[in-house]
Amino acid sequence: MIRVNDKWDVPWQEGMTVGDVLAACGFTHRQIVVSNNGRALPPAEREAQPVADGDRVQVIHVIGGG
Amino acid sequence: MQQVNDELEFVHDFVIGDFGLIAGFDQRLEPGYDQFGRTAAENSLFTEQVRFGLLGKRRLDDARPGTADPGRVGEGFLQRLSGCILVNGDEGLIQILEAPEESVNSHIVAEEMVALFADKPGEKQGVTSVSAGSGADHTRMGCLNFSFYDPRRGVARLKQAGRGGIGTVLRQKKVKALVVKYTGLQGDSNHPADLGRIQQTGAKMHREIREQDPLQAEMRKDGTNHLTQIMNDYDILPVHNFRYGNHPQASKIYSPEFCKYFEYSGPDGCWYGCTMACAKFATGLELRSGPYKGQTVTVDGPEYETVAGVGASCGTFDAATVLETNFYCDTYGIDTISFSTAMAFVMECYEEGILNQERTGGLDLHFGNADALLEVLHQMARGEGFGLVVGQGIRRMKEMFAREYGADPQFLQDIGMEVKGLEYSEYVTKESLAMQGGYGLANKGPQHDEAWLIFMDAVNNQIPTFEDKAEALHYFPMWRTWFGLVGLCKLPWNDVEPADNQTRYSGIDAAKVPEHVQNYVELFRGVTGRDDVESGDDLVHMSEVVYNFQRVFNLKMGFGTREHDAIPYRSVGPVTDVEYESRAERYDGQLRELLGVDPEGMSTTEKRLALRRYREQQYEKLIDAVYERRGWNSNGIPTMETIQALGIDYPDVVALIEQRAGQPA
């Protein structure tokens, strides 16, 4: 299981990447800052970054809003 | 000024600063009329405020003869004609002029005022007017239009402000326009104490916006409507009176559908020298309804709130309808947010059978009926039909529908999206407890510009505890209030961020965008020369004083306590079984994880009510935490210690607090 933002659990699968986790959560916003187990992931790397079962992924949406 | 006198009958003028010498106006004024059927005495807004409208009570009580001749004021002129107040900065005069009533709608008034008061073409940018149109005459949701002349397009454009009915007040005072003429405006006309500090900060902000906006929100290209797709993707877009958070037709109102109308001929700021330039200008809209049917007009905007309200909450999902509604709301002086949220409410009432065509005057008000929506808007402007009912706002409609049609008051309370009498702006808050508080606790009513915490709370999960949420609901409303205190735009604070903001800071600190808060400190110091202001905390302290005084003012006026911070359940959770079923997986999961309840074997109604009890308790706990953080008692009243610490312990404030503090919540 991948724990996302200490709030949601995404079932882990063999070969899973951060991009897969984002898709599973429906995170489409293009302004996000992602870290895995506390390590910040550069935007160019994050989509293909592998995740392991039990990883904790944090996804911060950068949005000013109303 | 001969040109002016051809159109407007001169009534009065006086040198700026001589208000106190004017006497006699009040003797000519008659009690205000009341088109809503109440006697004038029952409706203090329309009696007292008209009487005291232009001059203020002190002057009205002052019977001294002045330099101005009261005899020149026409008998009951405020009843016969509109007034036009000209603040002539070039000549150092304020003049009150009679103005013909034929054209009170703002897109015409703004052009009229430029034509009348700009003596030469080059002076057009030096004429701005504040007005509200015929819709503000007949509703309680009138807002104000502020014009600015766009020399590139050769038109006077309009920006709106003042939710809560201030446009209605202006029209009840029979003011057609407040006009300011000053042709010498420069970037340093406010005589800043340290121009170099401002220039340095401005250059930094300019550079960052140019670099980062294309990578971030693209406000320069899309304006605030870039939010619509994001809100739909994250189940936050208000669909059909906030029942749901997304809709398959939402793409019809995404930014590209409006960009087709936008005319891009360079930066499009609504303020002098703004780099963010998020103002948008739609051209080539041929109106299909109303008094200007067949005309091709321009529209400023639309902003996200209008798109979401008209397009999604009312279910029209059509860019042209949004633009036409935007145009007419603007020129009629009607707040697009209150209009669309009120319309969504009556559309749900129609679909629920509370309203029918007999009660709406023949209008079919199913969600999505754009023609009927526009007709209600025109009725508001004409002061007739069901438009008068909707124009009263949701709070009064709830009372009326229960009283006249026997509707269930609790259901109306649950779906009527208003707090403190003001309609909600356009975000679904069901999954964000903090944002529920942001709306419910706002001093003026549920307006997003006090606190916008949805993503921080519901998605990023950066403020998970009650204490975290309370801290956010202290800091952000205070900080955002500061923009209103000084008249600066909020957008360059957090609608663009330094590239490294989210890696330098985390959690709530990142959301504060500390580097940008410091920009405003520098601007404030540069303008005022106050070197004692060193940090964002100093700015927030200014707001704490004002915010608490606002709360005390609300208290004095019969509000400002816990019961007035209550919110409709539609903003907390699913009101109906249909709503519950639409997100059943989510809600069932919450019953298991948060309540420890197994939903198996429970009916939808049983599950919905169990969730409701939990969520309503959560809201009350949140309120407790926020009151404590703000230094208020359990009834939401600032404590004596708080008002003393903020230096607002004036005798009448102390007396009010002492009188009310002991009363139970």
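Q: What span should the 12 residues of helix α6 of chain B have at 1.5 Å a residue, and how far apart are its end C-alpha atoms?
A: In this predicted model, helix α6 of chain B covers residues 106-117. The expected span is 1.5 Å times one less than the number of residues, so the 12 residues should reach 16 Å. The model agrees with this, as the end C-alpha atoms are apart by 16 Å.

Q: How many of the 12 residues of α6(B) are buried?
A: A residue counts as buried if 20 or more other C-beta atoms lie within 10 Å of its own. In α6(B) the buried residues include Ser106(B), His107(B), Glu112(B) and Phe117(B). The helix is mostly covered, and its count of buried residues is 9.

Q: What percentage of the 665 residues of chain B count as buried?
A: Chain B has 32 helices and 11 strands. Among its contacts with a separation of 6 or more, 67% are between residues 24 or more positions apart. The buried part of the chain comes to 46%.

Q: What radius of gyration does chain A have, against the value for a compact globule?
A: The C-alpha atoms of chain A fill a box of roughly 40 × 25 × 20 Å along the principal axes. For 66 residues, a compact globule would have a radius of gyration near 11 Å. Chain A agrees with that, at 11 Å.

Q: In what order do the 5 strands of the open sheet in chain A lie?
A: Along the sequence, chain A follows the pattern β-β-α-β-β-α-β. In the sheet, β2 (8-10) and β4 (39-41) each pair on one side only, which makes them the edge strands. Pairing is mixed, and neighbouring strands are turned by 30° against each other on average, direction ignored. The order is β2-β1-β5-β3-β4.

Q: Which residue of β4(A) stands opposite Asn36(A)?
A: Strand β3 of chain A takes in residues 32-36. It runs antiparallel to β4(A), and 3 bridges join the two. Opposite Asn36(A) stands Arg39(A).

Q: At about what angle does helix α1 of chain A run to β2(A)?
A: Helix α1 of chain A is formed by residues 18-25. This helix lies across β1 (2-4), β2, β3, β4 and β5 (56-61) of chain A. To β2(A) its angle is about 125°.

Q: How many polar residues are on the side of chain A that touches chain B?
A: Contact between the chains involves 16 residues of chain A and 19 residues of chain B. On the chain A side, 5 residues are nonpolar and 2 are charged. The polar residues there number 9.

Conventions: Residues are numbered from 1 along each chain as its sequence is written. Chains are lettered from A and ligands numbered from 1 in the order in which they are written. This is a predicted model: local features need pLDDT of at least 70, side-chain atom pairs count only at pLDDT 80 or more; totals for chains, interfaces and linings use all residues. Two residues are in contact if their C-beta atoms, placed from the backbone, lie within 7 Å. Ala, Val, Leu, Ile, Met, Phe, Trp, Tyr, Cys and Pro count as nonpolar, Asp, Glu, Lys and Arg as charged, and the others, Gly among them, as polar. Two strands pair if DSSP finds at least two bridges between them. Helices (H or I, at least four residues) and strands (E, at least two) are DSSP runs, numbered from the N terminus. Axes are lines fitted to C-alpha atoms, for helices over the stretch in contact, and angles run from 0 to 180 degrees between N-to-C directions. The radius of gyration is taken over C-alpha atoms; the globule rule is 2.2 Å times the number of residues to the power 0.38.
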